[in-house]
Every structure is written in structure tokens, then in C-alpha cells.
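Trainee: I am new to this structure and would like to go through it slowly, one part at a time. Could we look at it together?

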Amino acid sequence: MGRKLRSAIIGSGNIGTDLMFKLLRSPYHEVVLMSGIDPKSEGLKMAASKGISTSTEGINGVLAINDLDIVFDATGAKPHLAHAPLLKEAGCFAVDLTPAAVGPYVVPSVNLEQNLGTAMNVNLTTCGGQATIPIIYGISRITKVDYAEIVATVSSRSAGPGTRQNIDEFTQTTRNALVVVGGAAQAKAIIILNPANPPILMRNTIYAICDTRKIDDIAKSVASIVAAVQKYVPGYRLKVAPYADGDHVVAMVEVTGAGDYLPTYSGNLDIITSAAVAVGERYAQYKETEVLK
Amino acid sequence: MKAIRIIDATLRDGMHAVSHQLTPEQMAAIAVGLEAAGVDTIEIGHGDGLGGSSLQYGFGKASDLEYVKAIAKAVKKTKIDLLLIPGIGTIEDLEVAIQYGVKTVRVATHVTEADVGEQHIAFTKKHGLEAVGFLMMSHMATPEKVAEQAKLFERYGADIVYVTDSAGAMLPDDVKVRVAAVKKAISLPVGFHAHNNLGLAIGNTLAAIEAGATIVDGTVRGFGGGAGNAQLEVLVAVLKRLGYETGIDLYKIMDVGEQLIDPILHRPQIVSNEALAIGYAGAYGSFLLHARRAAEKFGVDARDILIEMGRRKTVGGQEDLIIDVAIDLAKAK
């Protein structure tokens, strides 16, 4: 293995902090900076305690560092729109964990390879997108999906202010990515926050209007894509395997988190931060082969 | 004479009782009747508000826009109100709909999650419309928590804050303490939306008024999710007896019920066993027909599903969990 990617995280909320723990375990990443805007942020304190440099200057803190290979943006849709051109100018590969969707949507189990080496900014859609798009893709590679609909239910505690202020962007980005990446002709996304205590696991219901006579092939295809997602999100599982209900197929997935930052109920953090790590690691491998060429 | 403003939700909450299948023409005809009876504000559209048309909640007979257009053409004085549940509907949906003379937008969140509605309240106010913060499932939070969330809506710029008993689970004292706490915490008018699952919709509405609510919801014939809402014609009569002015003509609103609502009911608007289970368990009112359907499909008792939905502390909109619960109950058999 070659040198580690010099990596920075911008945004020290729930997602940024969970991501930090995962990157620290990755053999492909050296986390050189965690940048936020709130000096009192718990995420920044945790980063500092792990020996990572921190900044409260947001994007400026990131731009002040030279030779960064990769920057993970875990702020919000609006901030990322401002960050994207600056990161591009600085020559950093940007992994966007907000619903801003500046670059192409990437869901590692579905379309990571085709976006490698072409885009310098990739968008990870949303947690709901990462959890449900593979299922819709698993169906649409068997038979045409006329309409896909997903309902993501997450515990209130795992939805930080960024998610709450971006709730419209969440539904819109998820919807769009279900079409572009999942392969549905049309789509709708719904998100529900549930404050129950103890907190609920992240759960997602997926509906697809399609030729339900192909349910056996659909079930096999979905099982194989679930296995592909499990390679980078171990807590991802099919709660209810696809079944036909009239003109549509129904399936449910649940995500148990690794418990890195928030406890295991926060599978919604894990699924997107794990996707980010998967993208980063694949990018590291790709860069290495490019150097050898 | 003291005045109470009534917001009629017949053409929105009633949609739950007919699986969202009213046509725009049917809605427009009822809207004309409501206006003639003197109703000030009518909430219209899919039962789950803007963007509610879905596999999860049931596809609407028509689109949001078709309903808004048809009703905007039919009424002159009566104000049109739309419900928006963040996470289901978006500002994108609202932007299109408000071009047709909508006057009021109710931004509905779970009682502890008002902050997901900040951008929607701000958008509504920016367009000069009346904004209502609508705290659903208020029975699930303490009076202090309800008041805290009401304050958030006030800070975002709402004109009115509602205490909403989506499950029809509150007893009169539960209503009083919550409405009073909100009234004390904010300087805006306070509203109350009742459901009749425990047979208390009218009584709870009176309790809310006693505690300081000045805006209350009703639906003709009680047409609505679960066991339905506070029956509007009854409410008008009761409020008249108590000396409140609502602006609504009693005979005319009774006639709307007999001539326009009775013929379209899919089933009598009563406290059915399942509706009672909803109120008793504190589950979301519109789960009723979904639970009935899942019970049939998976061979379990709908009441067991609804009680379990309450036990799991589900919130509004979690219709998909009904299937999950039905499957679990069937397995446990």
C-alpha cells in the first residue's frame, strides 16, 4: 500500500464526528484536520483528544492546509454549495455528505466504479438514499420500476440541526437519486423523525411499482445487493424481504450503527459515513494505480 | 359576544375516511356549502397534506394542485388552508399551490420536532400568508414540552400555534393543561384540533376553549381519520348555547352534512373498535384503515396492531410500520 490519503473533515456535528472515528480505523486515511465553526462542538473536542488538528474556521481552516488529498464535507446543503468551488480550486477530491448534490450521486454498491477518476466531487445523496437506492437498483436491474417510494424513519436524537434544517433537500435529493442511480422512472421520498426513548433503529420501507410476477428474481437480486452493502455497512439488513402486494413490491431494511459516536440506534449516521469511507478507500486504491501507470 | 374561530378540516381530515378518494368536483361542491354556511377557513387536500399522495398513505384521487384549483374557483370569501407535514411535503409543493389564493398554511410536526418546520413557516410568512404551527400527537409530550415547542413556532414567525390531539387520546384535563401551558408560554392565539376516538372530541374542544384556545377545528359529520373529529354542526350548536359566536349558521351546516357528506361516507363515522383502540393506545388516527387492511392480509387482529403501534411510541406518518407489526404478530401466533 502506498501513502495514506491526507484527509480532512469539515463539519463537526453528528455525521462529521462519526466519520472521524471510521476514518481513524481506515488504513487508507490520515486524518489531518477536523474543521467546524462552533468552538464548543463536542466533535472538535473529540477530534482534539484523538490528536487531530482542529479549526473553528470552517472551510478556511481546510483551505489553509496544503496538500490535502480528500475532503469530506459534513456541513449542510447550503454551505457545501459555497465550499465546492473552493475545494475544486484547491485540487481536493470532495466527498459531499450533504444533500447539496454538486457532483454526481454515488452509492458505493451501485455506481462507485463508473464515477472513479471522472468526478472530483461526489455526492452521497442522503442516509435514506444510501439505505434504499441499492434495493431499488436491485429491482430495476430485473424489471422496470415505474415508481419508487421510500420512507426513512430515524430516531430524533440522531438527526442533528443540519438534517433538520435540510429536511426538504433530504426528500428532494433522495427522490432524485432514486431515479438517477436507482433506475426508477419516478420516485418519492418521505422522512420521519421518531423521538421514542430508547431510540429506534433506522428503518426504511421501500415500495416499487413494477411487474410483480418477477418477485422471485427480484428477491434474489435484492439479496445479492444487500450482501454488497453489508461489505461496507455491517449493520445493514433486510428486515422484510421483498414481497408482492398488488401492483407493487414492498421491502424493509434496518440499519444498526457501529456505535462509533452516537449509540447503535444511529444507523442513519453509519450508512452515510460508511459509504464515505468506502468511497475514500476506493479512491485511494485508484490513485495508487494511477501513480503506477 | 365572545367569538371563536373555527377552521373546518372536512375536506382534509375527511379524506382519511375515504382513502383520499374525493374528486375535486365533490370537494368544490362541499366547499360551496361550507362557504354558504358561513365557514371562515377550510383546510383541503390529501389527508396527509401536501405531497401526501403516495403508496405509504394512499394515492389521492387527484393531485394537490387539482384540488386547490377546483376549490379556489368555487369559493369567494372562505379562506383556503393547506396542511404541510415537513418530511412529506416540501416548499417546492407549497410554492406551486399558493399561486391559487391559499391564505393559510398549517405546518404540522410531531409535538417534539417543531424545528423541522422552521423553513416552512418562514416561507409562508415571506409570502404574506397566515402560518400555523401544528403540534401533532400532543398527548405524547408533557405540558412543559408542548409549551417549549410552541415557543419555537412563535420564534419562527407563526401566527397561531395548535395543540393537536392526532390520536384522540387525550382526556379533558390533558387538553386543559397543555393548552393552558402553551397559552402562558406564547403571546399568539392558541388552537386545538380534536379526534373522537374516546368519544371526547366535543368535550375536549370545550376544555381547550376554557383553557384559552380561541381557534378550534371541526369537520362536518365528524368526517375524519380514526373515529373522526369534533363534529362541526354539534360544535356550532354547543358553542351557541355557551354564548360563543362562530359565524356559522346551524341549519345550513346541518344541511351540508345531510346533503353533501352523508352520501359520500364509505362507512358510518362512529367510534369503531379499531378507532377506540387507537384512542386507548394513543396511536395516530389515520392508521385505522391501514391497520384493517394489514390485519386482513396477515390474519391478525387490527386492534392488536394498533395497540402495539401505540406501545412502540410511533408517530404520525409511520403507516409502513403497521405491516412490520402485523408480520411480527402473525409470526408470534
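The conversation below goes through this predicted model by question and answer.

Trainee: In what order do the eight strands of chain B close into a barrel?
Mentor: The pairing of these strands is parallel, and the twist averages 25° from one strand to the next. Followed around the barrel of chain B, the order is E2-E3-E4-E5-E6-E7-E8-E9.

Trainee: How many residues of strand E2 of chain B are buried?
Mentor: Strand E2 of chain B covers residues 5-9, five residues in total. A residue is counted as buried if 20 or more other C-beta atoms lie within 10 Å of its own. By that count the strand is mostly covered, and the number of buried residues is four.

Trainee: Which residue of E9(B) is the bridge partner of Ile7(B)?
Mentor: E2(B) pairs in the parallel sense with strand E9 of chain B, residues 215-218, and four bridges are found between them. E2(B) also pairs in the parallel sense with strand E3 of chain B, residues 41-44, over two bridges, and there the partner of Ile7(B) is Thr41(B). In E9(B), the partner of Ile7(B) is Asp217(B).

Trainee: And in E4(B), which residue is the bridge partner of Ile42(B)?
Mentor: E3(B) runs parallel to strand E4 of chain B, residues 79-84, and four bridges join them. Within E4(B), the residue that bridges to Ile42(B) is Ile80(B).

Trainee: At what angle does H5(B) run to E6(B)?
Mentor: Helix H5 of chain B, residues 118-126, has several buried residues, among them Ile121(B) and Phe123(B), and just after H5(B) the residue Gly128(B) takes a positive phi of about 70°. The helix lies across E4, strand E5 (102-110) and strand E6 (130-136) of chain B, and its angle to E6(B) is about 160°.

Trainee: To which strand does helix H8 of chain B run at about 170°?
Mentor: Helix H8 of chain B, residues 201-210, lies across strand E7 (160-164), strand E8 (190-193) and E9 of chain B. The strand to which the angle of about 170° refers is E9(B).

Trainee: How many residues does domain 2 of chain B give to the contact with domain 1 of chain B?
Mentor: Chain B is divided into domain 1 (2-264) and domain 2 (273-332), and the centres of the two, taken over C-alpha atoms, are separated by 24 Å. Domain 1 of chain B gives 22 residues to the contact, while the number from domain 2 of chain B is 16. By class, the side belonging to domain 1 of chain B has ten nonpolar and twelve polar residues, and the number of charged residues there is none.

Trainee: Which element gives the largest share of the side of chain A that touches chain B?
Mentor: The contact takes 25 residues from chain A and 25 residues from chain B. On the side of chain A there are twelve nonpolar, eight polar and five charged residues. The largest share of that side is six residues, and the element they come from is E8(A).

Trainee: Which residues touch the most other members of the largest nonpolar core?
Mentor: This core has 220 residues, and its largest share, ten residues, comes from helix H10 of chain A, residues 267-292. Leaving aside neighbours within four places in sequence, Ile136(A) is in contact with residues including Val145(A), Leu178(A) and Ile206(A). The residues that touch the most other members are Ile136(A) and Ile305(B).

Conventions: Residues numbered from 1 in each chain as written. Chains lettered and ligands numbered in written order. Predicted model: local features only at pLDDT ≥ 70, side-chain atom pairs only at ≥ 80, totals over all residues. Contact = placed C-beta atoms within 7 Å. Nonpolar A, V, L, I, M, F, W, Y, C, P; charged D, E, K, R; others polar. Buried ≥ 20, exposed ≤ 12 C-beta atoms within 10 Å, placed from the backbone. Pairing = 2+ DSSP bridges. Domains from an automatic or database assignment. Axes fitted to C-alpha atoms, helices over the stretch in contact; angles between N-to-C directions. Core = buried A, V, L, I, M, F, W, Y, C linked by C-beta atoms within 7 Å.
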